[in-house]
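Please consult the sequence and structure shown here.

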Amino acid sequence: MKRIKISEVLKLTTFGDEICVMGWVRTKRISKNVAFVALNDGSTINNLQIVIEINPEIENILSRVNTGASLSVKGKTVESVGSGQKVELQCTDITVFGQANPDEYPLQPKRHSLEFLREIAHLRFRTNTFSAVFRIRHAMTFAIHKFFNDKGFCNIHTPIITGSDAEGAGEMFQVTSLDINNLPRTEDGKIDYSQDFFGKMTNLTVSGQLEGELAAMALSEVYTFGPTFRAENSNTARHLAEFWMIEPEMAFYDINDNMDLAEEMLQYLVKYALENCREDLEFLSKRREEEQKQKPQNERDDMSLIERLKFVVNNKFEKLTYTEAIEILKNSNANKKGQFAYPVNTWGTDLQSEHERYLVEKHFKKPVILTDYPKEIKAFYMKQNEDGKTVRAMDVLFPQIGEIIGGSQREEDYDKLVSRINELNIPEKDMWWYLETRKFGSVPHSGYGLGFERLVLFITGMSNIRDVIPFPRTPKNAEF
């Protein structure tokens with residue numbers, strides 16, 4: 001008999017069919033001569049109740065059916081008389097695939113801390129919280145590809161191993177095939193990378209943007225969706241060493257076109273989650289409400305998770321310049337009363353998450369897009385404005401998260417780009433291929449980067465970015 005997913009069984013409106021389901025035991029309880037087993041196969045947050053009449057033949061099998069055990073169950077669907085489910089399965093045959101010793105299995109039916117679950121990341125998928133998070137993560141992956149495909153974008157696989165630092169921050173993981181215990185040296189004592197696999201120093205990429213721009217110069221509208229790596233020694237709830245980025249690059253787009261696309265995409269993704277992940281979102285919303293109750297009154301978020309998602313879908317994003325934002329922040333009561341950890345006093349200040357959230361949550365009460373940042377705090381490839389002080393950068397700011405997207409109109413002028421590269425002491429010889437696109441048919445173009453984990457963090461309401469990626473990579477942690 002072919003297995004049916006539990007998500008499909010729970011949708012049945014007629015009863016009496018003989019079916020087979022398979023999954024893992026969440027709970028087992030015995031009442032008189034009947035055992036009730038809650039079975040889950042990961043296809044839904046909801047369990048299927050299995051009703052087993054106890055007889056001498058079944059007792060031996062039932063002794064092996066504990067939380068965490070895996071089963072195959074055949075039986076007849078019946079209308080449930082209990083609350084919480086419409087259908088249950090009257091068991092006629094049961095097979096135990098794998099037992100789970102209750103004295104050793106760490107996921108017993110009780111509340112576990114997220115910190116503990118990170119230590120057993122190989123098993124945390126089996127909890128309601130993480131099965132919900134990773135089903136939503138999958139839905140967002142699909143929705144991103146659907147959004148860009150439906151708009152005629154071409155997906156480009158950009159290199160994971162690269163010889164360039166797109167962000168210019170230098171926080172990169174080096175890739176080498178050299179024997180680190182016997183490194184070849186040049187005459188002046190430096191490491192001889194000419195003997196390395198690629199004949200030069202290479203690293204794991206921090207961004208696919210630069211290569212994406214090359215493709216956009218022929219295909220017009222492209223996007224990358226791949227892993228990126230940053231060797232930033234940060235142990236905060238917002239940073240990972242390995243994460244995923246969505247990076248569209250569009251020829252013939254100016255900064256306004258770029259902002260419009262970012263807003264359209266974010267609203268599409270949040271709406272997709274609301275329409276297709278409702279049960280998981282409602283579970284996570286209740287979980288978040290319980291979490292909020294544990295916080296001091298002044299740190300609680302007034303909006304529920306569902307309300308916060310609707311807040312993004314139902315509001316037109318507010319657009320203003322960095323200069324206007326600085327004036328708002330400088331004159332805010334929060335700044336005047338010293339409530340910011342990083343006071344805002346001068347133009348040129350690099351905005352922190354607390355400033356970004358103030359603009360979104362307190363001042364405008366809607367998502368915000370900031371533009372025209374000082375060029376000193378932005379990357380070399382951003383288009384320079386006529387004032388000589390600012391660049392056509394844009395950051396999209398969300399409640400709870402702060403910056404969720406960073407992007408810009410790219411500098412298409414060859415001379416200005418070369419001048420900026422030299423200003424920042426970036427070797428021209430390493431960027432020759434990027435510069436050449438400005439010599440041969442250069443056009444105005446724009447793009448942005450969306451940190452996938454930050455998107456999933458926002459949509460699921462989780463508080464730590466390590467809990468929205470299956471196996472987090474952080475300083476001193478590469479387990480699993």
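Arg 64 counts as partly exposed because its relative accessibility is 29%, where buried means under 20% relative accessible area, exposed over 50%, and partly exposed in between (1.4 Å probe, protein chains only). The model is predicted: local features need pLDDT of at least 70, side-chain atom pairs count only at pLDDT 80 or more, and totals for chains, interfaces and linings use all residues. Residues are numbered from 1 along each chain as its sequence is written, and side-chain values use heavy atoms, with hydrogens and water left out.

| Residue | Relative accessibility | Loop |
|---|---|---|
| Arg 64 | 29% | between α2 (56-62) and β4 (70-79) |
| Phe 198 | 45% | between β8 (174-175) and β9 (202-204) |

Beyond its neighbours within four places in sequence, Arg 64 is in contact (heavy atoms within 4.5 Å) with Ala 69, Val 96 and Gln 99.

In helix α9 (residues 322-330), the buried residues are Tyr 322, Ala 325, Ile 326, Ile 328 and Leu 329. They lie on the same side of α9 because they cover an arc of only 165° around the axis, taken from the directions from the helix axis to the C-beta atoms. Their cover includes β12 (318-321), α10 (333-336), α11 (353-364) and β13 (368-374). Helices (H or I, at least four residues) and strands (E, at least two) are DSSP runs, numbered from the N terminus.
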